[in-house]
Amino acid sequence: MAGAGLGFSSSFSAQSRATAGIMVRIPVPLLKRRKLKFAGLNEVFRIRVAGCGVSSTRLYNCGSCAAEERVPVDMERYKEAFGRRMAVAGLKPHHSIAVGVSGGPDSMALCLLTAAWKTDGPYAASQSDGYVDGLLAIIVDHRLRAESKEEAHIVSRRVSKMGIRCEIAECNWSDGRPKQGHLQEAARDMRYQNFQKVCIQHQIDVLLIAHHADDQAELLILRLSRGSGVLGLAGMAFASQLFSTSTVLHNDGSNNKGLLLVRPLLHFSKEDMYKICQASNQDWVEDPTNRNPAYARNRIRMSLGNLSSYTFQSEIQELISSCRKTRAYVDHISNELIDQAVTIMDQGYAVIDLMVLSPSKVPDMCLSKFIALVLQFVSQKHRTVRGATSKRLLDYVRTFPCKTSFTVAGCYLCPSPGSRGTKLLVCCSVNCPLPSTIEVNNSDFDREQKQYPSMLDEIIAEGKSYVDQFVPDVLDVKFLNMTCQSVLAEAKRIGIISESTHNNITLLERNETKYFKPENKVHLEQEIIENPSTSASESELLHPGKACYFMDRFMVTWNERPLRYCSSLVIDHRKAAEVRHMAESDWLYLAKLARCKNLHDLVPQITDADSEVEQIAGKRKQSLEYMQLSAIKSLQSLKSIPVAARRSLPVLVNHEGILLTIPSIGFQCCPCLIVSCTFRPRLPLGGGHSSFL
């Protein structure tokens with residue numbers, strides 16, 4: 001047993017967790033040789049081990065050492081620093097908060113600090129049944145290892161002892177286990193999906209995550225190796241809104257405010273995490289996958305562990321801080337430009353006033369960010385524009401007056417009609433290779449939806465008040481309009497990093513770049529084009545009393561009314577309609593319908609011998625006149641919508657492809673067909689609140 005401990009074997013059985021703890025002394029030099037750095041901890045750990053088995057997780061109890069052997073830890077200093085960061089985020093102890101917990105030292109330290117913060121001070125939260133009110137720990141069982149379920153319950157019991165309610169969310173890999181090369185990314189996406197789901201269920205608007213300063217350093221090296229720009233080198237946001245992709249969240253007619261993601265430990269180091277757990281005598285779990293060199297972050301983490309001098313650590317954090325100041329300045333200018341120069345129309349397209357924008361006077365980085373935010377909003381997709389395409393896009397926007405069109409990132413840009421090139425039209429391109437999507441909501445919209453009071457607006461407003469106070473002056477922004485390659489050189493020139501730190505970062509970047517394999521874009525495009533969405537399946541059809549999200553921006557609702565046959569509309573046996581993009585043939589059909597004298601030539605005759613059809617046969621002329629009047633009114637509305645923007649509007653057709661309704665402009669072929677269309681994008685203009693303080 002002792003041999004297994006001294007050798008730091010990672011194979012401990014589930015049965016061992018129930019056995020008595022065994023004290024094993026592990027020399028610190030041995031830990032360093034195995035690249036396992038536990039800064040700030042004493043040399044003795046309690047490792048619960050017994051027998052052998054499949055479990056590959058080690059459980060440490062750093063608080064079990066003799067009191068005289070511990071390193072003194074000033075917990076009050078940590079609590080005060082944590083409280084200040086929570087205040088900057090706009091958070092107060094009475095707010096309902098969730099904490100993402102893995103069971104490692106980082107998330108366990110976050111739980112300890114959050115529970116102390118919630119129960120301290122004049123606004124302290126109350127407690128009931130031994131638990132802190134308004135605080136929930138979410139533990140995600142990824143179900144990627146055999147022992148993960150047991151470990152999740154172990155972590156749950158430990159967190160519960162802190163007075164924090166816990167919920168374990170299990171991942172459902174419906175498409176099977178993700179491939180090894182994308183395992184961590186897939187696990188992260190699934191983890192945040194579960195965080196959102198649980199927060200919605202418990203009516204919680206804020207989620208705390210335990211990322212810290214060492215994580216930021218790893219991310220800096222990773223993004224340098226991927227050629228990221230200065231904005232990417234700023235790392236993770238201190239606070240940002242995470243918007244749900246679930247249609248069900250919107251069926252109450254409310255706006256998608258999302259979840260506020262806060263990282264209050266970004267100014268804390270990994271060493272601080274261990275110290276906080278040590279001072280509280282708190283156990284934690286070490287995930288063995290965090291030492292697998294197959295993953296980029298693990299390789300970088302182990303390499304950074306060999307460069308642990310105070311000078312290197314402080315200089316790399318100062319470099320990140322300078323990048324964050326640049327990011328904060330660029331974000332501020334971009335949002336100001338959006339407020340001043342962008343108008344969003346009800347049909348989902350944007351108009352940019354180039355005279356107000358004055359693009360020739362805006363720095364490249366700010367203009368690029370501004371355009372990216374507008375494109376992201378219109379397309380409701382995040383597609384990074386890089387390289388030569390980015391330069392051509394900047395040149396296009398700076399050309400005044402605008403005379404040509406430009407297609408990029410799922411958007412179509414062209415001069416706004418009647419503006420003589422002084423305004424730029426940005427609309428969704430339906431010709432992009434990615435197929436359009438329709439997500440059907442199976443909720444009944446006639447039923448009243450429950451809503452819960454949200455304090456998110458108040459929290460964000462409080463957080464923004466801090467952000468606005470600390471927007472850097474342009475003179476304090478060091479890396480404006482600098483490329484990834486020039487940032488390090490400039491940082492060395494102005495004394496942010498030393499020659500030694502510059503060389504070490506460059507070496508780390510080069511070593512990691514060797515592992516980077518860019519995606520085969522040609523193969524990706526071919527795969528998309530070869531598998532287009534040519535027709536609506538049964539699950540994509542819209543039924544009476546239901547609603548759907550079309551292209552992530554339009555909520556199309558079919559109000560349920562008694563459906564009857566009429567001369568202009570035949571609902572098939574499925575009582576369903578397909579939702580698709582508006583095409584040129586649709587408005588040409590409306591034009592013919594509006595001026596046609598013999599409407600029977602345009603509308604198919606009903607040949608069904610059904611008795612109900614026979615009863616309305618005499619009303620055919622009246623129904624066709626209604627249809628023609630609706631077309632005339634719709635064409636008037638259509639004139640105000642630029643042709644380029646029309647193509648993204650949703651229309652409903654029946655199983656034969658006959659046009660039923662264009663709800664955005666009020667056309668309907670039958671008075672008993674009531675369909676509404678509301679522009680309700682998932683992602684707001686500007687991407688939501690974010691803070692890089």
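Which residue in E23 is the bridge partner of Leu 652? The close-up views below begin with this pairing.

The model is predicted, with local features requiring pLDDT of at least 70 and side-chain atom pairs counting only at pLDDT 80 or more, whereas totals for chains, interfaces and linings use all residues. Residues are numbered from 1 along each chain as its sequence is written, and side-chain values use heavy atoms, with hydrogens and water left out.

**View 1. Antiparallel pairing of E22 and E23.** Strands E22 (residues 650-653) and E23 (residues 659-662) pair in the antiparallel sense over two bridges, and Thr 661 is the partner of Leu 652. Strands (E, at least two residues) and helices (H or I, at least four) are DSSP runs numbered from the N terminus, and two strands pair if DSSP finds at least two bridges between them. The hairpin has five residues between its strands, and Gly 657 takes a positive phi near 85° there.

**View 2. Antiparallel pairing of E23 and E24.** E23 also pairs with strand E24 (residues 667-668) over two bridges, where Ile 662 stands opposite Phe 667. In this hairpin, with four residues between the strands, Gly 666 has a positive phi near 85°.

**View 3. The cis peptide bond between Phe 400 and Pro 401.** Omega is about -5° at this bond, and Pro 401 lies in the loop between helix H14 (387-398) and strand E15 (406-408).

**View 4. Positive phi at Ala 409.** Ala 409, which is not a glycine, has a phi of about 50° and is placed in the loop between E15 and strand E16 (411-415). Ala 409 counts as buried because its relative accessibility is 17%, where buried means under 20% relative accessible area, exposed over 50% and partly exposed in between (1.4 Å probe, protein chains only).
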